[in-house]
Amino acid sequence: MEGIGYKILGAVLTTILAFVVGMFYGGFSRKITARIQNRVGPPVWQNFLDVLKLLFKKTSVRYGFMHHIAPLWMISMSITTLMFVPVLNDGLFFTNLNFSGDIIFLLYIMVMGSLGMALGAGSTGNPNSAIGVSRGLTQMVGFEIPWVMALVALMIQYKTTSVTGLMEVQSQSGTWLMFSSPFAFIAALLAMPGMFRYSPFDIVGAPSELASGPISEFGGKYLSTMMTSGSIFAFVKLTLYVDIFMGGASNLIVLVLKTFTLYMYPVLWGTVSARFRTEQSVRYFWGWPTFFGFIALIYAAF
Amino acid sequence: MYNDKESQKIVDIIQNYARKHSLFILAYGTGCGAIEIPPTMTSRYDAERFGIRGSATPRQADVLLITGYLATKSLKRVIKVYEQMQDPKYVIGFGSCTINGGMYWDSYNTINVLDKYLPVDVYINGCMPRPEAVIAGFVKLQKLIQQGKADGWDIYKKNIDEYKANQKKIITNWVMPDFNF
């Protein structure tokens with residue numbers, strides 16, 4: 001009974017941690033972008049104010065059932081994904097629901113949020129949403145291939161299909177997987193900006209081109225739920241990368257340091273580059289990242 | 001305990017604080033004033049430090065920024081856009097043209113006083129207003145929101161018949177629904 005109590009408490013704590021850290025990461029990225037552009041920039045807690053304000057807005061738009069469900073779908077999928085990613089190496093609260101085979105499960109559940117967004121955006125009937133969704137799914141075909149290749153290479157090499165298994169491998173051998181299987185790390189790292197949708201891969205929500213794409217008909221409470229979901233999901237992805245390639249983290253400070261370092265890579269790339277077109281983005285992902293994915297598979301098999 | 005006046009006051013303070021510091025603007029940039037928006041938002045004057053941020057669609061926007069004169073043709077689109085925005089929403093009239101017509105005061109196809117057709121919360125004077133003036137206007141709007149006085153959206157709802165009558169006087173071929181809410 002006590003075990004279940006700890007698990008529920010751990011789930012709640014993990015969700016709150018993911019929300020707060022993800023929101024602050026968004027704020028820091030806005031601040032750093034502003035400093036690079038020689039501006040002062042908003043305060044780092046600006047995203048909290050945005051979410052709060054959007055929660056207080058009234059909503060009088062009705063587009064049917066799927067439009068209501070889509071933000072809830074997204075946030076529930078983000079939290080579900082969070083539940084299967086171990087946040088710390090061996091904490092009492094942050095281990096959550098791991099089982100053997102959860103990498104394969106994660107590969108599927110990580111795209112479910114985008115699927116919900118696609119369905120919700122489709123039911124609004126806005127042409128910008130439709131274009132955004134089709135671009136998003138095309139880009140997903142692009143970056144999923146090197147990402148899956150990297151993970152499959154790791155699964156073959158270390159003969160485990162669970163995230164905790166890979167973390168145990170790293171803690172036993174003492175080296176991070178980014179050094180012991182470098183090609184998989186390079187492929188996954190090159191595929192990573194596609195997941196975060198900063199420039200040059202922000203073709204989905206291109207603000208001046210598509211009027212923010214799939215979310216163009218979502219305002220108020222819907223948008224605030226989506227922003228919450230997005231910040232939780234950013235934390236989940238970063239934590240997953242840290243768990244798999246950088247040896248996890250033994251306490252929260254190390255976790256924040258590692259994830260923040262990793263997060264700066266798409267953000268800083270985004271500040272200095274312009275937007276790709278859809279086919280340029282796909283061509284990028286099927287070029288060098290997929291090549292390194294192949295090398296990683298060969299490296300793992302032999 | 002709940003829904004009494006004291007707790008409502010606290011909720012109002014939190015609400016107004018959040019609304020004040022997070023303004024998503026939708027710039028309706030058909031007038032010449034739109035040229036002053038990029039310098040306001042970019043490096044030199046940096047409106048983002050006040051929490052002001054551009055928004056791409058009316059559904060997400062809080063502030064409708066009408067930059068300059070409105071032709072009778074574009075008034076129709078502005079009304080559509082304004083009614084698509086979600087409450088609470090604010091309108092900023094930008095430049096002399098929205099106050100009294102400005103240099104287009106005797107033109108046959110522009111409106112003179114914007115406030116007859118949409119509830120304007122803050123006017124920014126000038127032809128063109130400099131980015132400093134624009135930021136001063138936004139700070140004024142923030143003060144009004146803090147005091148709870150920026151209630152143009154409420155006034156529009158209460159006096160909807162009057163506003164609609166004024167709008168229909170200008171737009172002779174009214175081929176859209178009466179309300180676009």
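Let's start with two strands in chain B. Strand 1 covers residues 23-28, and strand 3 covers residues 63-67. They run parallel, and 4 bridges join them. Take Ala27(B) as an example: its bridge partner in strand 3 is Leu65(B). Remember, this is a predicted model.

Now widen the view. These strands belong to an open sheet of 5 strands in chain B, ordered 2-1-3-4-5, with parallel pairing. Which strands stand at the edges? Strand 2 (52-54) and strand 5 (122-124) do. Each has a single partner strand, so one side of each has no neighbour in the sheet. From one strand to the next, the twist averages 30°. And what holds strands together? Strands of a sheet pair through backbone hydrogen bonds.

Next, the charges. Side chains of opposite charge can pair when their charged atoms come close. How many salt bridges does the structure hold over all chains? The count is 17.

Here is one that crosses between chains. Lys57(A) and Asp62(B) meet at 2.5 Å, N to O. Lys57(A) sits in the loop between helix 2 (46-56) and helix 3 (65-83) of chain A. Asp62(B) sits in the loop between strand 2 and strand 3 of chain B. Are these two buried or exposed? Both Lys57(A) and Asp62(B) are buried.

Glu209(A) and Arg135(A) form a salt bridge at 2.8 Å, N to O. Glu209(A) is in helix 10 (residues 207-210) and Arg135(A) is in helix 6 (residues 127-158), so the pair ties together parts 74 residues apart in sequence. Glu209(A) is partly exposed, at 43% relative accessible area. Arg135(A), at 14%, counts as buried.

Third example. Arg275(A) and Asp202(A) form a salt bridge, with their closest N and O atoms 3.3 Å apart. They link distant parts of the chain, 73 residues apart. Arg275(A) is partly exposed at 30%, while Asp202(A) is buried at 14%.

There is also a network of salt bridges. It links Arg30(A), Arg39(A), Asp50(A), Asp46(B), Glu48(B) and Arg53(B).

Ile4(A), Ile8(A), Val12(A), Ile16(A) and Val20(A) make a nonpolar surface patch of about 430 Å². Ile8(A) lies in helix 1 (residues 2-36). Its relative accessibility is 53%, and exposed means over 50%, so Ile8(A) counts as exposed.

Thr290(A), in helix 14 (residues 288-301), is buried, with 9% relative accessibility. What does Thr290(A) contact, leaving aside neighbours within four places in sequence? Ile145(A), Pro146(A), Met149(A) and Phe285(A).

Notes:
Residues are numbered from 1 along each chain as its sequence is written. Chains are lettered from A and ligands numbered from 1 in the order in which they are written. This is a predicted model: local features need pLDDT of at least 70, side-chain atom pairs count only at pLDDT 80 or more; totals for chains, interfaces and linings use all residues. Side-chain values use heavy atoms; hydrogens and water are left out. Two strands pair if DSSP finds at least two bridges between them. Axes are lines fitted to C-alpha atoms, for helices over the stretch in contact, and angles run from 0 to 180 degrees between N-to-C directions. Patches are made of residues with over 30% relative accessible area and no salt bridge: like charges are joined within 9 Å, nonpolar side chains (Val, Leu, Ile, Met, Phe, Trp, Tyr) within 5 Å. Accessible areas come from the Shrake-Rupley method with a 1.4 Å probe; for residues, only the protein chains shown count as cover. A salt bridge is a side-chain nitrogen of Lys or Arg within 4 Å of a carboxyl oxygen of Asp or Glu. Buried means under 20% relative accessible area, exposed over 50%, partly exposed in between (1.4 Å probe, protein chains only). Contact means heavy atoms within 4.5 Å.
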